[in-house]
Amino acid sequence: MSQNKKLTLVVFIVVVLIVLFQDKFRNSDQPQTSHIKEQDLQSTTARTPASPIKSKPAPPPPVLKTSVQKEIDSALVTTEDQFLKKYPGNWKIRRDQDQRVYSLTGGMISQAAKDPAELLRVARELSPFLAGGDYQLSDKMNTDAKTPHLQVYDIDQTSGGFSVYQGTLSMIANREGDIFMINNRLKEVTPYNSQPKLTLAEAKDVVARLFPKATVEALSGPVIFSDNTSPSVLSWPFKVHSSLPNPKRLEVIISAESGDVLHQEEHLIQN
């Protein structure tokens with residue numbers, strides 16, 4: 001073979017190799033998905049797990065009352081019909097202008113005063129009916145008032161750990177322990193500031209300025225003052241003993257919010 005033919009053959013082979021190499025290089029640059037069949041693509045998508053959807057946190061479960069609390073609630077007397085059904089008798093029910101029951105007489109709750117715990121249970125049971133709301137009562141009773149034939153049980157009203165001024169439920173029983181009269185002086189307590197702005201000493205100074213010649217005695221407080229018409233107020237109670245011009249004793253209630261006199265009640269002292 002001549003030298004020219006050999007050179008031509010070598011050039012031809014080189015050109016062919018270059019073309020083949022370029023074609024292979026172009027194929028490798030194309031995306032692989034172009035070679036994936038549509039069926040294979042769908043199956044691949046189906047196997048891919050979906051990203052989890054973030055859900056809102058579940059609301060807290062409702063507060064469920066215990067069986068004991070449910071039993072207590074179901075035993076509460078809230079209407080006149082319930083009262084007469086549970087304690088039948090010739091009751092005379094007296095109501096004020098706001099339809100709050102302030103007196104029950106004429107019937108009998110047998111043996112309820114024989115046991116102090118039973119007396120307190122009856123008082124709490126009847127408080128929604130008597131006063132039309134959820135009223136808190138103290139565990140202690142005042143039993144000072146009594147005669148040979150009857151005994152008066154005064155149960156004080158409380159709210160949030162404070163005594164309610166003159167808030168009392170009185171239950172009168174005979175010698176056999178039968179309750180035959182109930183006097184309701186429970187107060188309606190509205191939301192109040194439980195942190196007194198006025199200290200006891202500051203409130204006492206207010207009373208001393210009002211009665212400069214009297215003796216001022218601080219009573220246990222603070223207490224909640226409510227007259228069933230105005231908003232309830234945390235207050236300081238005082239006794240004021242005066243001898244001029246006549247011997248008398250005053251009860252004065254000073255607002256722990258403003259220092260105003262909320263209530264003043266005079267008690268004459270018999271010589």
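Q: Why is Phe 162 called buried?
A: Its relative accessible area is 18%, and buried means under 20% (exposed is over 50%, partly exposed in between, with a 1.4 Å probe and protein chains only). So Phe 162 counts as buried. Bear in mind that this is a predicted model, where local features need pLDDT of at least 70, side-chain atom pairs count only at pLDDT 80 or more, and totals for chains, interfaces and linings use all residues. Residues are numbered from 1 along each chain as its sequence is written, and side-chain values use heavy atoms, leaving out hydrogens and water.

Q: What makes Tyr 192 partly exposed?
A: Tyr 192 comes out at 22% relative accessible area, so it is partly exposed.

Q: Why is the pair of Phe 162 and Tyr 192 called edge-to-face?
A: Rings of Phe, Tyr and Trp (its six-membered ring) pair if their centres lie within 6.5 Å; planes under 30 degrees apart are stacked, over 60 edge-to-face, the rest tilted. Here the centres are 6.2 Å apart and the planes sit at 75°, so edge-to-face it is.

Q: What makes the pair of Phe 83 and Tyr 87 tilted?
A: The angle between the planes is 50°, with 6.0 Å centre to centre, and that pair is tilted. Ring pairs also link Phe 83 and Tyr 87 with Trp 91 and Phe 129 into a cluster.

Q: How do you know that Phe 83 and Tyr 87 are buried?
A: Phe 83 has 0% relative accessibility, so it counts as buried. Tyr 87, at 11%, is buried too.
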